[in-house]
Amino acid sequence: MKKRSQASAVLFAGRISAAVALIWVVGYAGPISGAESKKPNILFIFSDDHAYQAISAYGDPRHLVETPNLDRLAREGMRFDRCVVTNSICGPSRATVLTGKYSHRNGFYNNTNSVFDGAQTTFHKLLGAASYQTAVIGKWHLVSDPVGFDFWQILPGQGAYYNPPMIRNGERVATEGYATDIVTDLSVDWLKKRDRSRPFLLMCQHKAPHRSWEPALRHLAADGGRVYPEPATLFDDYSGRGAAERDQDMTIERTMGDGDLKLVPPKGMKPEQLEAWNAYYEPLNAAYREKRLSGKDLVRWRYQRYMHDYLACVRAVDESVGRLLQYLDDEGLADNTLVVYSADQGFFLGEHGWFDKRWIFEESLRAPLLVRWPGVVKPGGTCRELVSNVDFAETFLEAAGQPVPAEMQGRSLVPILRGETPSGWRKSFYYQYYEYPQPHHVRPHYGVVTDRYKLVKFYGAGEGDYTELFDLQRDPQEMRSVLNEPGYSEVHGELERELLKLRSELGVPDSVPAEAMGGKASGGKGLR
Ligand code: CA
């Protein structure tokens, strides 16, 4: 055991040779057999804005939706209950996943003016150099074209749900159908055509369930007209916190538009698709208009429509996971394939009256993370350690027996997957959000997160910087800053010191580069 932990410490430092790392990985997996000595395939299924509350394995008290295929992954693998992101927004999260670095190191701060520098070191390029065949299919959202994949077929920009145009290895191609199904079909096709003599990395990345939450036609009536329980904080008045929480532009009440609410149909549908769409929504919309709702009744109606649409999109993602797992089963690949399901961040499903993400608060900060790796991960385990999307690249590299470059800022999750959390695992995590003012007018902030506390500093909005402190044990819904309450001065001091330490360790510059905020100056209904 001692030898193993020494090997693991060296591996974290990224100084171990590929050969030694491979021996170490194989050594852990037990007796060497033909299958176990092979590098594992890696199937990374990544969705956009999928809240952990909308995966039944996470046990949200609202029981919003059944996700049997994602639940299968949790049952056969490990469910991570505190996977936090570095910067809770689409492009920056994707850049972090690829590089194993924070926004201030990979240069992708926001969705407005950041462009991913594809010349950087990324885990997929390192796997490609280590004999993996690599592909990314679906949502990309890093502005520049993918670099270093054997095959790529992406949705340009945010992508469309219906009949989405795509770009395949640089060439624009038309598609017909529903984006989640198309991305799954393409993923299975690529697997079928792959070089079977080499391991694969497939990044299957869905647009769903991103705004504006357009369900597949087969799922329009799938919930049987269910009335969804409301979150306790749907009518949050933001008292107990500062100006940032009040000034945002992401409420169900004020920010959702007619397209979000399906009061107008999406663009780009074929006539027969539109006909089926309207057959579902038009009678419901007519009944809604007749009621002339206002105030809380209107918010409640909007919340129900939002849940219907969002969760229907989740159903298609869950089916996609089921099809991919079935393919692995049918081909006998399941035993030697590391399957990871995650999303680029969390999402508010009406908590605090919000949709969207961006905040350091739990629903936004925490992404779902389910990992299955037969023979390595004990089925049905859960993990409450602070892990992050900044750890994914390092994890994939170690799983493939590759060294982790010193420039990467996370840590491989492989020891945790083996059930042996290193004694020095992180107890605090640094977070920073930049994009401002629009879309959604969420003030830039950074902070430190621990198992119990969050210290948050709002900065750079030209409207007065301030600090908040949240005690998740006493206030799990993060409704009240306790910064000035008696009894918290010691905790506050510790967290201030921890914040400085983390900023120093991570090389966070004292001043934020001018382009980092990027946000549009006006508007507020942006699809970011
Ligand atoms: Ca996203």
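I take helices and strands to be DSSP runs, numbered from the N terminus. The model I am reading is predicted.

I looked up serine 212 and placed it in the loop between strand 7 (200-205) and helix 8 (243-247).

I then went to proline 439, which sits in the loop between strand 12 (428-433) and strand 13 (445-450). The bond from glutamine 438 to proline 439 is cis, and its omega is near -5°.

**Positive phi**

I noted asparagine 163, where phi is near 50°, a positive value in a residue other than glycine. I found asparagine 163 in the loop between strand 4 (151-155) and strand 5 (166-168). Its relative accessible area is 11%, so I wrote down asparagine 163 as buried.

Arginine 292 is not a glycine, yet I read a positive phi of about 50° for it. I located arginine 292 in the loop between helix 9 (271-291) and helix 10 (295-330).

**Calcium ion**

I listed the protein donors of the calcium ion: Asp48 (OD), Asp49 (OD), Asp344 (OD), Asp344 (OD) and Gln345 (OE1). They lie 2.2 to 2.8 Å from the ion. Along the sequence I wrote the spacing of the donor residues as D-D-x294-D-Q.

I checked accessibility for two of these residues. Aspartate 344 has a relative accessible area of 0%, so it is buried. Glutamine 345 also counts as buried, because its relative accessibility is 0%.

Key:
Residues numbered from 1 in each chain as written. Predicted model: local features only at pLDDT ≥ 70, side-chain atom pairs only at ≥ 80, totals over all residues. Heavy atoms only, no water. Donors = N, O, S within 2.8 Å, 3.2 Å for Na, K, Ca; no water. Buried < 20%, exposed > 50% of the residue type's maximum accessible area, 1.4 Å probe, protein only. Helix = DSSP H or I, 4+ residues; strand = E, 2+ residues; numbered from the N terminus.
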